[in-house]
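Morning, everyone. I have one structure to walk you through. Here it is on the screen.

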Amino acid sequence: MLELRDVSVSYGKHLALENAALKVGKSEIVVILGANGAGKSTLLKAISGISEGRVTGSVSLGGEHLTGLPAHRIVEAGVALVPEGRGVFGELDVIENLLLGAYATRAQDDQQANLDRVMTLFPRLDERRRQQVRTMSGGEQQMVAIGRAMMSSPEILMLDEPSLGLSPLLSKDLFASLKTVRDAGIGILLVEQNAKASLAVADRGYLLENGHIVHGASAKSLAGDPAVQAAYLGGK
Ligand code: ATP
């Protein structure tokens, strides 16, 4: 289980995240909902060891402390990030991008099994193994980014706004594929502005407002909460 206690992040004098606490278990999808600038990316970067700010508090995975470790050690411990904007290499093809995710020692023996798993999860990538990624659609590039993170054999997969720029239909497909990942025993921490599609697949969720986690509940109860509906579901 991934556990955060009292995690705060400041950029100079600006406190962007204050005393965040959350848990993500094996085989669960947890979504963090928050508006632009609420601190969602700040939170994921702090967990991944790539924060540009000053991070305090405790991040642990299965009791192992990750706080302060460099990013590659955090991947090695089993936490992988799909960054906002995907971070794929457009000049490289699908397989080359996927293999870039496989450098972790923890994943080396499982490279072929992980590749097979990614191709089963996203048959579209299997059809386009040697296609240059920059020529692919936004949805396909997002699959490459998720696939690359899966190549590191993560226990926890974190995604920063994966639905950004995707059509509602593609977003729905993408979120459905996250359920398959979860059902394979991986915990998912998702940050999103798209409350509707993410709450539809999540097990639990937290609301992040101005750097504070103000509420945590089951996805079902969040989706039915009038305040959440007004703030994140367009009042519907
Ligand atoms: P978005 O959806 O726009 O990415 P977010 O919820 O991910 O929003 P963050 O990017 O985490 O929000 O930003 C939270 C706050 O921290 C904002 O006020 C932002 O301006 C500030 N911030 C983020 N990164 C930095 C940085 N590297 N240096 C200084 N301030 C930053």
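A quick definition before we start: two strands count as paired if DSSP finds at least two bridges between them. Keep in mind that this is a predicted model.

Let's begin with the sheet. Strand 1, residues 2-11, pairs with strand 2 in the antiparallel sense, over 7 bridges. One of the pairs to look for is Tyr-11, whose bridge partner in strand 2 is His-14.

Now widen the view. These strands belong to an open sheet of 4 strands, with the order 2-1-4-5 and antiparallel pairing. Which strands stand at the edges? Strand 2, at 14-24, and strand 5, at 64-65. Each has a single partner strand, so one side of each is left without a neighbour in the sheet.

Next, what lies across this sheet?

Is Ser-48 buried or exposed? Its relative accessibility is 9%, and the cut-off for buried is under 20%, so Ser-48 counts as buried. What does Ser-48 touch? Leaving out residues up to four places away in sequence, its contacts are Ala-71, Ile-74, Leu-81 and Met-158. There is a polar pair here too: a polar atom of the Ser-48 side chain sits 2.8 Å from the backbone oxygen of Leu-44. And look at His-72. Ser-48 and His-72 are 24 residues apart in sequence, but their C-alpha atoms are 8.7 Å apart in space.

On to helix 7, residues 168-183. A length check comes first. With 16 residues at 1.5 Å a residue, helix 7 should span 22 Å. Its end C-alpha atoms are 23 Å apart, which agrees.

Which residues of helix 7 are buried? Ser-171, Leu-174, Phe-175, Ser-177, Leu-178, Val-181 and Arg-182. Seen down the helix axis, the buried residues fall within an arc of 155°, so they line one face of helix 7. The face turned away from that buried side carries exposed residues: Leu-169, Lys-172 and Asp-183.

What covers the buried residues of helix 7? The cover includes helix 4 (111-121), helix 6 (138-150) and helix 8 (195-201). It also includes strand 3 (29-33), strand 7 (156-160) and strand 8 (187-192).

One last stop. Just after helix 7, Gly-185 takes a positive phi of about 100°.

That's the tour. Over to you.

Methods. Residues are numbered from 1 along each chain as its sequence is written. This is a predicted model: local features need pLDDT of at least 70, side-chain atom pairs count only at pLDDT 80 or more; totals for chains, interfaces and linings use all residues. Side-chain values use heavy atoms; hydrogens and water are left out. Helices (H or I, at least four residues) and strands (E, at least two) are DSSP runs, numbered from the N terminus. Buried means under 20% relative accessible area, exposed over 50%, partly exposed in between (1.4 Å probe, protein chains only). Contact means heavy atoms within 4.5 Å. A polar contact is a pair of N or O atoms within 3.5 Å; within protein, one must be able to donate a hydrogen and the other to accept it, and residues adjacent in sequence count only if both atoms are side-chain atoms. The expected span of a helix is 1.5 Å times one less than its number of residues. The arc is that of the directions from the helix axis to the C-beta atoms.
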